[in-house]
Amino acid sequence: MEKVVVTYTNPDLDGVASAFAYSELLNKQGEIASYYINGIVQKEIDVVCSLFNIKLHNKLEELSNKKIIVVDTNTLSAVDFVEPKQIIEVIDHHPLSGDNLGNAVVDIQQIGAVCTIIAEKFKEKKIKISREFAILLYYGIISNTINFNAKETTQRDRKMALWLKEQCNEIDVFLIKYIFTEKSKIDIKNLRLAMEVNEKFKLGIEEIIIGQLEIVDAKGFLEKYGDNINKIINQVKNEYEISIVFINLIDILEGYHMIYAPDKNAQDFLNKFGIVFDGNLCKEKGIVLRKEIKRYLRETLKNNN
Ligand SMILES: [Mn+2]
């Protein structure tokens with residue numbers, strides 16, 4: 001039976017690149033596999049694809065009779081366009097969602113990018129990687145680790161990025177700044193998509209939503225578009241009937257992050273975890289990603305109980 005590799009709805013480059021490249025790897029191993037992208041991709045994908053003239057498809061296939069492989073998420077609601085019982089394999093690097101993944105083979109590693117795991121599979125199996133997959137996986141690692149500045153970055157991410165660069169001489173470190181700058185030119189109509197506020201996170205008995213914005217000049221962006229962000233936070237609170245919604249704003253060139261919580265609710269909640277606000281912001285040097293915040297919240301909750 002044909003396998004289809006999918007990732008969460010409205011995915012980023014790590015999700016798209018690993019889904020596409022993993023289906024290619026399976027094909028090269030003699031299996032029949034394809035990939036399917038659901039929703040609208042994050043802007044960084046368009047930036048990289050047009051830069052290197054790479055074409056993606058997301059034609060709606062009949063998925064109901066396929067075996068499904070999920071990459072870059074282990075949350076079932078994020079892939080609600082497939083039936084949970086279809087899922088045979090999960091490859092991810094996010095904290096466990098707690099969802100029942102049935103009999104699927106689950107491979108969750110604490111690593112900077114799923115692209116790293118997929119690249120390692122090409123290397124280990126000595127399968128030649130063609131230019132488009134080397135490019136996508138390389139910039140997927142760069143994007144997901146914020147050019148190796150995220151705390152969760154590992155030696156394996158660095159090693160595979162180097163290896164991918166050796167496989168394709170079009171890969172250029174000097175394009176990273178261009179890609180980061182271009183992906184930050186968010187059309188404000190698409191702000192909610194860029195904020196990634198569509199996934200509930202279970203924390204003990206609580207359910208919260210943490211958004212994330214990865215942009216250049218995060219401070220300036222917040223000054224300019226704070227009202228738009230507030231409006232979206234309120235929309236999300238109403239739609240999901242959730243009282244705690246906040247945003248992790250990452251400055252991808254300056255290398256800092258800020259937790260932005262305009263609501264007292266969210267601030268009081270985060271205070272209990274030792275996260276202290278100055279106004280609506282908790283600013284820190286260095287980059288902490290949303291999945292690391294999730295891990296921190298879970299760990300703290302566990303230790304306090
Ligand atoms: Mn990822």
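**Salt bridges, domain contact and the manganese site**

User: How many salt bridges does the structure hold?
Analyst: The structure holds 17 salt bridges, each being a side-chain nitrogen of Lys or Arg within 4 Å of a carboxyl oxygen of Asp or Glu. This is a predicted model, where local features need pLDDT of at least 70, side-chain atom pairs count only at pLDDT 80 or more, and totals for chains, interfaces and linings use all residues. Residues are numbered from 1 along each chain as its sequence is written, and side-chain values use heavy atoms, with hydrogens and water left out.

User: Which residue does R156 meet in a salt bridge?
Analyst: R156 pairs with E120 at 2.9 Å, N to O. R156 sits in helix α5 (residues 155-167) and E120 in helix α3 (residues 114-124), 36 residues apart; helices are DSSP runs of H or I with at least four residues, and strands are runs of E with at least two, numbered from the N terminus.

User: What are the domain bounds?
Analyst: The domain assignment gives domain 1 as 3-179 and domain 2 as 188-304; such bounds come from an automatic or database assignment. The contact (heavy atoms within 4.5 Å) takes 25 residues from domain 1 and 18 residues from domain 2.

User: How many salt bridges cross that interface?
Analyst: The rule finds three between domain 1 and domain 2.

User: Switching to the metal, what coordinates the manganese ion?
Analyst: D14 (OD), D72 (OD), H93 (NE2) and N144 (OD1) do, at 2.2 to 2.5 Å. Donors are N, O and S atoms within 2.8 Å of the metal (3.2 Å for Na, K and Ca), and water is not among the atoms, so sites may look incomplete.

User: Where do D72 and H93 lie?
Analyst: D72 is in the loop between β3 (67-71) and β4 (87-92), and H93 is in the loop between β4 and β5 (105-108), so the pair ties together parts 21 residues apart in sequence.

User: And how are the donor residues spaced?
Analyst: Their spacing in sequence is D-x57-D-x20-H-x50-N.
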